[in-house]
Amino acid sequence: MTRFSKRLAIALVFLTTSSASLAEAQSAAPDVPPSAAQPHVTAIKAGHLMDVDAAKVLDNQTILIRDNRITAVGPSVTIPAGAEVIDLSNMTVLPGLIDCHTHLADGIHDPEPVNRARKLPAQLALESVPNARAMLESGFTTVRDVGAYRALTDIALRDAINRGDIPGPRMFVAGAYLTITGGAGAMTGLAPDVTLPWDLRYGIADSPWEVRKVVRQLAHDGADHIKVLSSGAVLTHSSNPNSREFTPEELHAAVDEASSFGLRVEAHAHSPEGIKNAIRAGVASVEHATLIDDEGVALAKQHGTYLDMDIYDEECIQEEGKAGSMPKDFLEHDAELGRAQRENFRKAVAAGVKMSFGTDAGVCAYGTSGKQFAFMVKYGMTPMQAIQAATSNAADLLGHSSELGSIKPGKYADIIAVEGDPLTDIRVLENVKFVMKNGKIYKP
Ligand SMILES: [Zn+2]
């Protein structure tokens, strides 16, 4: 459906129904058909329930779900006759996890970006179908997907999931990388006389007005947020992670233009200057934040900026380095950065900066994001803080706290369960046993 006809359809709904049902029509997740006269009622018996808002575990709770929404939670909720009862009384039940930094739509795992130029966008989109399934089945019911090399393949993947064509998490997508010429989000490593197809140069911008133009195009094409690259990158050819890329003027233009479409901006940044430029420009989160200095930590706290630090994927980069499958220049970029990032993560946690959970999924195998929890605890978080980073904090960063991030009446029925107690052994989150998204069970 084009954006125009979607608006028309919403307008028609408005003309024929009350305004209350208009709100429902706009916010209802699309992969569950609109409820007929008989709603589907599900009751989950939770032995232990993680209340991430109150930072405590409640015992023997019942969660009542009507179609795709939670309607009641408590110790003495009456289960209506005819309800489907799911017994998780031996398990710990948590809100669906949220990974705020994924790349699901880049096809099969491949550390060499140039290989995306060897495949058509349709191939990459279809190769990405198992990525989405692996993410969901590992307990991540929502992702903020922060860029695809072939622009808009992420939108195709998101929409296929929303239609119910394929299983996958709720995707909030960037559409493309907004980056300088030759920048961290550009397709580099090719001869200078190679002319790239439109979707491999979609997000390149070299002035505030070019930045605004790309943001306008992304908003029109259906992006849910904007990803800018404010420093060089580790996994990009001819890039220096310690550099500055976009200028403060360009970053301001991105945030200002995005805000006029109701979109938030996240900034990739490794270098101290790239990080601080992005925070001062008003981004919602800094990705990686690898070399953040004390001034950067103070600025993030002052501005309420989230740090979305992928402190696990270093393991996979080094492992692939040993196996010989990681390009050599990427390993040179990476030397020492992993260690510095983990130390700076500890510093930011201690300073009380807002932290979200983001893994750069795609660097490690899809479906292994849960392994980052143990590293977040190792580097200074309590288990509850690590879980909040991937639930209530992540929902706040997305701007969807009223619908996601905890198990509360009115929110989407995105619910997972694990064996054991994640507060005493965080690694149980690496093995999620039950997954429900939008009221539908994907892992029984
Ligand atoms: Zn990334």
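Two strands pair here if DSSP finds at least two bridges between them; strands (E, at least two residues) and helices (H or I, at least four) are DSSP runs, numbered from the N terminus. With that in hand, I98 stands opposite T142 in β6.

This is a predicted model, where local features need pLDDT of at least 70 and side-chain atom pairs count only at pLDDT 80 or more, while totals for chains, interfaces and linings use all residues. Residues are numbered from 1 along each chain as its sequence is written, and side-chain values use heavy atoms, leaving out hydrogens and water.

Now the sheet: three strands form an open one, in the order β5-β6-β7, with parallel pairing. Because β5 (97–102) and β7 (170–173) stand at the edges with a single partner strand each, one side of each has no neighbour in the sheet. From one strand to the next, the twist averages 15 degrees. Four bridges link β5 to β6 (residues 140–145) in the parallel sense.

Contact means heavy atoms within 4.5 Å; angles run from 0 to 180 degrees between N-to-C directions, with axes fitted to C-alpha atoms, for helices over the stretch in contact.

| Helix | Strands | Angle |
|---|---|---|
| α4 (residues 129–137) | touches β5 and β6 | about 130 degrees with β6 |
| α5 (residues 153–163) | lies across β6 and β7 | about 155 degrees to β7 |
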